[in-house]
Amino acid sequence: MRTAKRTAAVLVAAFAVFLFGFAASLADRLLNPTFDAPIATSTTAAALHASLRVVDLHADSLVWERSLAERGTTGHVDVPRLIEGHVALQVLALPTKSPLGQNFERTEDGWIDQITVLGVAQLWPLDAWTSLEARAHLHAAELAALDAERDDLFVVRNVQDLDRVGEGGVAALLAIEGAHCLEGDVEAVDRLFAAGFRMFGLTHFFDNELGGSAHGVDKGGLTDFGRAVVERMEALSIVVDLAHASPAVIDDVLDVVKRPVVVSHTGVRGVCDNDRNLTDAQLFRIRDNGGVIGIGFWPAAVCGDDAAAIAKSIAYVADRIGADHVALGSDYDGAVGVPFDASGMEALTHALLERGMDDETIAKIMGENTLRVLRASLPN
């Protein structure tokens with residue numbers, strides 16, 4: 001009996017070591033690959049890229065246990081790789097809930113949540129196991145601590161901080177992916193603003209209290225609560241992100257906002273036709289709002305697995321609505337595969353040159369368009 005108990009204890013201990021020591025790291029490695037393909041560039045692209053202020057509108061890197069301070073061998077983003085890729089500003093978004101079995105066509109708000117499993121495996125504090133808002137505050141505090149520790153990273157909270165972008169090091173801007181983390185409380189907008197969040201995606205893969213998701217069940221428009229949240233976001237100068245929003249939510253938001261919006265990470269149906277991507281009609285509405293559309297790097301966004309495929313979707317948006325309204329939205333570390341990590345951004349500059357774009361247009365697409373929208377949207 002004693003031997004059996006000792007064996008059981010060893011097995012439990014072994015499982016705990018696996019779960020808390022290896023499972024999250026293994027998931028990161030498996031879910032965030034970089035495709036093993038040669039990266040094309042040129043001396044001309046290298047010279048141009050070195051002159052750019054590169055901005056990426058979406059990475060989920062903060063939810064993973066690896067340190068952003070050190071150059072990693074898994075995933076896509078950390079400070080050293082951002083510097084290598086000449087990324088001046090990286091938006092770091094926090095998905096606080098992700099139902100098992102999520103898909104582009106129809107995702108229910110199921111009780112099995114992958115972010116909860118990830119949090120348990122990474123030994124998050126107990127309140128972050130149960131509270132979506134607590135998860136957001138946990139990672140905001142982690143980024144603030146990293147900001148305090150490093151001279152080569154700073155967090156953008158206002159227009160004055162934005163003036164420092166491109167002067168050295170890497171800037172980071174905190175975002176929420178799916179405002180279900182408000183948990184039905186408008187006052188949570190103020191608390192998250194105080195914690196440093198400056199961009200909110202209203203929905204993620206499922207319908208929530210604010211309105212419908214493009215991948216939800218009902219796919220409805222803004223609710224009364226959603227309108228109240230958008231109104232409060234505008235009052236605080238928080239950027240509205242329409243990635244993952246239902247067509248009805250996109251229309252409702254564009255009817256009421258007074259500042260430019262972003263679609264942080266997406267594709268376009270004119271190149272890659274699926275429910276995740278934007279229609280031409282939506283492109284024109286976002287152009288008329290003065291906003292920008294961040295083109296994703298993963299295959300379901302652009303129907304390809306290399307820099308040329310990303311450049312093709314970028315060119316499509318530029319041809320349809322003008323080069324002033326297209327930007328980068330990689331979805332790095334978002335449980336997707338990409339052709340290059342943050343250190344390889346020069347490959348996209350090369351691909352845009354290969355499409356015949358001039359230097360000024362490429363500079364806009366690679367960062368200046370997003371900086372313009374942030375300047376019009378962030379607090380003074």
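Helix α10 has five residues that count as buried, a term for under 20% relative accessible area, with exposed meaning over 50% and partly exposed in between (1.4 Å probe, protein chains only). Those of α10 are Val249, Ile250, Asp252, Val253 and Leu254. They pack against α9, β6 (239-241) and α11, where contact means heavy atoms within 4.5 Å. Helices (H or I, at least four residues) and strands (E, at least two) are DSSP runs, numbered from the N terminus. The model is predicted: local features need pLDDT of at least 70, side-chain atom pairs count only at pLDDT 80 or more, and totals for chains, interfaces and linings use all residues. Residues are numbered from 1 along each chain as its sequence is written, and side-chain values use heavy atoms, with hydrogens and water left out.

The axes of α10 (residues 247-256) and α11 (residues 280-289) come within 11 Å and cross at roughly 20°. Axes are lines fitted to C-alpha atoms, for helices over the stretch in contact, and angles run from 0 to 180 degrees between N-to-C directions. The two helices are therefore roughly parallel to each other; angles under 35 degrees count as roughly parallel, over 145 as roughly antiparallel, 65 to 115 as roughly perpendicular and the rest as oblique. From α10 the contact takes Pro247, Ile250, Asp251, Leu254 and Asp255, and from α11 it takes Gln282, Arg285, Ile286 and Asn289. These divide into four nonpolar, two polar and three charged residues. Here Ala, Val, Leu, Ile, Met, Phe, Trp, Tyr, Cys and Pro count as nonpolar, Asp, Glu, Lys and Arg as charged, and the others, Gly among them, as polar. An α-helix has 3.6 residues a turn, so residues three or four places apart point the same way.

How do α14 and α15 cross? The axes of α14 (residues 346-354) and α15 (residues 359-377) come within 10 Å and cross at roughly 140°. That makes α14 oblique to α15. In α14, Leu348, Thr349, Leu352 and Leu353 meet Asp359, Ile362, Ile365 and Met366 of α15. The residues of this contact are six nonpolar, one polar and one charged.

The loops come next. Asparagine 208 sits in the loop between β5 (197-201) and α9 (224-236). Is asparagine 208 buried or exposed? Its relative accessibility is 13%, so asparagine 208 counts as buried. A polar atom of its side chain lies 2.9 Å from the backbone oxygen of leucine 202, and a polar atom of its side chain lies 2.8 Å from the backbone nitrogen of leucine 210. Not counting residues up to four places away in sequence, asparagine 208 touches Ala179, His180, Leu202 and Thr203.

Valine 217 is also in the loop between β5 and α9. With a relative accessible area of 35%, valine 217 is partly exposed. Leaving aside neighbours within four places in sequence, valine 217 is in contact with Arg106, Thr107, Glu108 and Asp207.

Two further loop residues have a positive phi. Leucine 123, although not a glycine, has a phi of about 60°. Leucine 123 lies in the loop between α4 (114-121) and α5 (126-130) and, at 54% relative accessibility, counts as exposed. Aspartate 333 also has a positive phi of about 60° without being a glycine. Aspartate 333 is in the loop between β9 (326-328) and α14, and is buried, with a relative accessible area of 1%.

Key
A polar contact is a pair of N or O atoms within 3.5 Å; within protein, one must be able to donate a hydrogen and the other to accept it, and residues adjacent in sequence count only if both atoms are side-chain atoms.
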